[in-house]
Amino acid sequence: MNKPTAPDSRAGAEQEQFLTVLSREEALARFESALFPRKPPAEERLLADALGLALAGDVVSQGDVPPFDRSNVDGFAVRSSDLARASEGSAVRLKLNGEVIACGTAPKLSLIEGTATAIATGGPIPRGADAVVMVEHTHPAGDGAIEIRRSATPGNFISYAGSDIARGETVLRAGTQIGSREIGMLAACGIARITVVKNPRVAIISTGDELVRPGEMLRPAAIYDTNGAIVAAAVAENGGEPFFLGAFPDDEAKLEAVMRDALSRYDMLILSGGTSKGEGDVSHRIVARLGKPGIVAHGVALKPGKPLCLAVCDSKPVVILPGFPTSAMFTFHDMIVPVLRRLAGLPPRNDAHVLATVPVRIASEIGRTEFVMVSLVEGDSGLIAYPSGKGSGAITSFAQADGFLKIDALADQMPAGTQVDVTLFTPHVKVPDLVIVGSHCTGLDIVTAPLAREGLSVRTISVGSLGGLAAARRGECDLAPIHLFDDKTDTYNTPFLMPGLELVVGYRRMQGIVFRAGDKRFEGLSAQGAVRAALEDPSCLMVNRNQGAGTRILIDRLLGEARPDGYWNQPRSHNAVAAAVAQHRADWGMTIAPVAHAAGLRFIPYAEEHYDFALVSARRQRPVVQAFLHALASSDVRKALAQAEFRPA
Ligand code: AMP
Ligand code: MG
């Protein structure tokens, strides 16, 4: 095994790599030209084992389908010339031949003038016959004969040999992905084995000291390995056979051993994490010495995804995806899928596109092609593409998006109202039935649960109360959940409504002081008492809320002029406050009761917050809105809310 290079020479090499940030197109071109052309290895497989694989060559039918002229109905094979004079007023009598042609029986007798032969659907047409008459259009005439009162054109109800698939016809093209329909075609042609492109065996490795396998306990400062599962699934979706080898710490020697072993046993290697310039980022250093030609691109002008590293080591693709799951997923789909599909013999993915309007200005970094995940909703005048506001660290920004839009590398923004092309993640647009934009709350999931059970899709987009109100005013949603406190009138929500919006009363959430069980400073005190106690202890650290939050106004009232340590730590959610206290990063803060108790914290009630809905009046009569209002008022939902520590109003 190679020894790790000295730290100073390493730093130099790295800087060089990041100085040459390539455009997306240039990086992909270098990657592809280091890998292709190559003839993908093929293998013969039974039809049943070929599902999802790509055909290595065209498939030509060796026979006709159907193999003989065949009846499409139950009835009688006839000579059409015998029926030329048949009509309602004049019946033609045909003598029955002494056989019945069932499916799978070859006819023995020829059909001569003035005769007919009984035939079943799928039966072979006998010699001499040129049409079939449906049994419903005949009458038994006794004495082994039938009567027919309508004429038949030649070819009536006959499927001719080869009319479905002709001998010598190309039934499937190379590169076709084998699905159930293709398997049906091949079986009809009598084909049992086909030659398919061997699907690339792809080794997947997650890297990072902080990673824990899903299903195991999280230790402090650790997170679950998300990329391993995502990449494995995405590899399988695009023609590869995934082998997830595990999540490994950033230990250069151990990781190198794992990577070298993987490279020797698999066709492709995909890592995630450890590709940026951070202290513990070792993967790309190992890749640099894994084989020739080595790294072809490290640093791509993409957002998300700049640290992407592409390499070819001894003719096998080696990729390091950025660590953030959204960046990893995005770069995988944009940069790795084209190569993986080519290796698997599949044609490029054919993404669907739609036009939509962006409702808000989207800022963008100059110099990087920026991809923004969007959620699609139906607005008053066409589709609206809501940018996911959570950034590249948020898994939901990718998983809950319908697609993405692209902002040019040279643009510093995309103005509100721009019509854009959205690339869809699914073949069709699926706009949700009910759109809720505003402040999110776990209680809301309780209210919308009955709608989901009725098959109605609900999309909640979390943009905070004010963002929700703006969206409602622009007609981009049905409802905006809000909890806005008006300092002047000491009331919630109503003062913030605008024309066209009406208030639907939701439920109350108790806000109060949280602290860890056993913290004697706060036990048994009122909210005011607890804050006084906190202010008396200079080692006591608080966690605040962001400016604009109703909870923040309450905190400021309790604090008066005081600005204790931790005041400037201002997360934007009730959950973040609870996490800070639970993890000893702060000793107290203000959150809501259900969140405090879910985090295992003690809670001192202080004041109720009103979580209501601004309803777009013009949308009130929509059946799905009615279903929502009905659910909100139902006793089941009210009971469930109360159980979860919300107080239905
Ligand atoms: P890195 O590229 O290793 O610097 O990682 C960037 C960020 O992505 C860090 O916050 C990592 O904790 C996170 N990260 C890296 N790998 C994973 C993974 N497999 N699953 C979830 N998050 C990850
Ligand atoms: Mg890392």
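Tutor: Start with a term. Helices (H or I, at least four residues) and strands (E, at least two) are DSSP runs, numbered from the N terminus. Here, β13 (201-207) and β15 (223-224) each supply at least two residues of the shell around ligand 1. This is a predicted model: local features need pLDDT of at least 70, side-chain atom pairs count only at pLDDT 80 or more, and totals for chains, interfaces and linings use all residues. Residues are numbered from 1 along each chain as its sequence is written, chains are lettered from A and ligands numbered from 1 in the order in which they are written, and side-chain values use heavy atoms, without hydrogens and water.

Student: How many residues surround ligand 1?

Tutor: A residue is near a molecule if one of its heavy atoms lies within 4 Å of it. For ligand 1 there are 17, and E210, D225, T226, G274 and G323 are the closest.

Student: Which backbone atom does a nitrogen atom of ligand 1 meet?

Tutor: A polar contact is a pair of N or O atoms within 3.5 Å; within protein, one must be able to donate a hydrogen and the other to accept it, and residues adjacent in sequence count only if both atoms are side-chain atoms. The nitrogen is 2.9 Å from a polar backbone atom of T226. An oxygen atom of ligand 1 lies 3.2 Å from a backbone N or O atom of G323.
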